[in-house]
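Hi everyone, thanks for making time.

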Amino acid sequence: MSGIFDLIPDHVQTQVQDLAPYLAGISLVLTGLFMNPLNVPLPLFFQVHDRKKLRNRSKAYDPPSSLKSKKFLVLVNPNAGAGMGKLTYDEVIKPMLEKAKQSHDVVFTTGPGHASQVCREVAANPALESYDCIISASGDGMLHECLNGLLSNVSASSKGHNTRTAKRQLPPLAVVPVGSGNGVADSLYGRRCGPHVALEKIIAGKPSDIDVMAMTYVGKPELGLIYDLHFFCWAVFSDHDFLTENTLRWLGPMLKMVLAPAIVILRMTWYGGVLDFAPVEVAKDLKKHYKDPKSWPESPDDKTMRRVDDSFWCMAAGNLKEAGGDLSATPYVKQDEGAVDILMVTKSRGWVSRFRGLMVFLQAENGEHTEFDDIQIVKCNKFRLKPGKSRYRGSPGHLQLSGQEQENGEVEVEVS
Ligand SMILES: Nc1ncnc2c1ncn2[C@@H]1O[C@H](COP(=O)(O)OP(=O)(O)OP(=O)(O)O)[C@@H](O)[C@H]1O
């Protein structure tokens with residue numbers, strides 16, 4: 001006798017099975033949120049610090065005997081993630097550096113802007129060689145701050161050339177992941193690599209080149225240059241990050257990362273906008289993952305660019321394959337190819353239902369979303385975005401670099 005489940009097509013059954021743990025998780029979280037029977041402050045509740053485990057792993061670290069001795073500057077965001085910064089410094093960074101006979105100075109940041117101020121001072125210091133490497137023990141957000149501090153002296157004119165030169169003259173920048181979003185560390189050292197793996201590679205490794213996105217505001221030179229090495233986003237991902245970094249931050253890393261996707265998928269907000277991008281050639285073996293830029297018209301403002309004049313659910317530019325939070329938004333991009341990958345979902349190329357939106361989030365966990373026709377990925381070395389308002393809410397959305405909120409407006413981004 002055939003059961004009722006035999007009437008449901010196989011692919012639907014598979015999708016339901018895939019979704020079940022997430023739905024169960026969301027239900028649990030909501031129950032916990034509304035009940036919270038012990039009235040425990042939630043961020044504290046989720047600080048599951050395992051000091052002993054961290055300490056034992058650091059004890060097991062066996063540095064190679066051939067290490068050259070270097071001097072590190074360690075900037076620690078004590079509030080990153082679930083407040084893991086200080087603990088990670090005490091139990092991982094300090095003991096491992098000492099074991100490897102590496103000297104270091106440490107600065108515990110006191111708030112937003114502190115890391116960029118310290119890095120600005122380091123960059124302005126003529127005795128720059130005093131540090132062989134700057135380590136940001138943080139999430140992606142403070143790393144972004146460090147980068148901008150280090151590159152703060154690069155002038156807005158001929159920025160590409162100057163950025164490349166400055167990158168070679170400055171001490172290398174590294175990250176030990178302790179944030180709630182660690183996309184840079186995930187990309188460089190492996191997803192959820194943890195602080196031990198990252199630091200071991202930093203101590204032993206040679207620095208590698210990473211492209212930098214240099215963003216300027218069209219018609220607003222007074223806003224200067226803002227750099228990022230990781231992730232530019234507008235529309236759904238920045239709506240998501242705005243929630244995790246602001247509205248839901250107090251809930252701690254676990255809860256906010258479950259609730260934020262659910263909220264943006266339920267909202268399903270579309271933003272009008274105009275995107276011009278300067279396409280670059282894609283390697284032959286990867287072409288199947290990318291859309292042909294010629295399927296968009298030339299930009300009337302610049303013949304070297306293509307124009308997407310559409311409603312966007314998603315628009316993001318990734319310089320690294322991991323965006324953070326287990327999201328591989330641009331899985332085929334390379335860190336030093338002088339280009340970024342733009343990921344778009346636009347209304348004219350397929351309407352995205354809430355269910356489809358959820359699938360995109362789930363598939364993007366392993367970069368599988370790129371296989372679908374309604375997902376558009378292009379490679380470019382420059383883009384200009386004129387963000388419009390959302391049709392239903394009238395909100396202009398958020399512009400973000402590495403999860404850090406930027407002023408909304410027409411921007412131009414060059415990669416070098
Ligand atoms: N002591 C501090 N207290 C509060 N905020 C800080 C402090 N130090 C740095 N910040 C700011 O906190 C923001 C987020 O920092 P960070 O990226 O390290 O952590 P996170 O939010 O947990 O990770 P992510 O941004 O990847 O989600 C940055 O804007 C940074 O400038």
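Two housekeeping points. What you see is a predicted model, in which local features need pLDDT of at least 70, side-chain atom pairs count only at pLDDT 80 or more, and totals for chains, interfaces and linings use all residues. Residues are numbered from 1 along each chain as its sequence is written.

So, the overall layout. The protein has twelve helices and 15 strands; these are DSSP runs numbered from the N terminus, with helices being H or I of at least four residues and strands being E of at least two. Of its 416 residues, 43% are buried. Buried here is 20 or more other C-beta atoms within 10 Å of a residue's own, exposed is 12 or fewer, partly exposed is in between, and the C-beta atoms are placed from the backbone. Take the contacts with a separation of 6 or more: 77% of them join residues 24 or more positions apart. A contact is two C-beta atoms, placed from the backbone, within 7 Å.

Next, the domains. The assignment gives domain 1 (51-208) and domain 2 (228-415), with bounds that come from an automatic or database domain assignment. Their centres, taken over C-alpha atoms, are 27 Å apart. Where they meet, 17 residues of domain 1 are in contact with 20 residues of domain 2. On the domain 1 side, α6, α7 (159-169) and α8 (183-189) each give two or more residues, and α6 has the largest share, five residues. That side divides into four nonpolar, nine polar and four charged residues. For those classes, Ala, Val, Leu, Ile, Met, Phe, Trp, Tyr, Cys and Pro are nonpolar, Asp, Glu, Lys and Arg are charged, and the others, Gly among them, are polar.

Now look for an open sheet of four strands, ordered β2-β1-β3-β4 with parallel pairing; strands pair if DSSP finds at least two bridges between them. Because β2 (103-108) and β4 (173-177) are at the edges with a single partner strand each, one side of each has no neighbour in the sheet. β1 (residues 71-76) pairs with β2 over six bridges, and Lys71 stands opposite Ser103 in β2. Helix α4 (residues 85-99) packs on this sheet, touching β1, β2, β3 (133-138) and β4, at about 170 degrees to β1. Angles run from 0 to 180 degrees between N-to-C directions, with axes fitted to C-alpha atoms, for helices over the stretch in contact. Helix α9 (residues 194-204) lies across β3 and β4, at about 155 degrees to β4.

Which residues come nearest to the ligand? Of the 23 around it, they are Ser138, Gly139, Gly141, Gly179 and Gly181, where near is a C-beta atom, placed from the backbone, within 6 Å. α6 (140-150) turns up again, with the largest share of this shell, four residues. The shell has five nonpolar, 16 polar and two charged residues.

Last stop: Glu412, in strand β15 (residues 411-415). Is Glu412 buried, exposed or partly exposed? Partly exposed, because it has 14 C-beta neighbours inside 10 Å. Beyond its neighbours within four places in sequence, Glu412 is in contact with Thr216, Val218 and Arg384.
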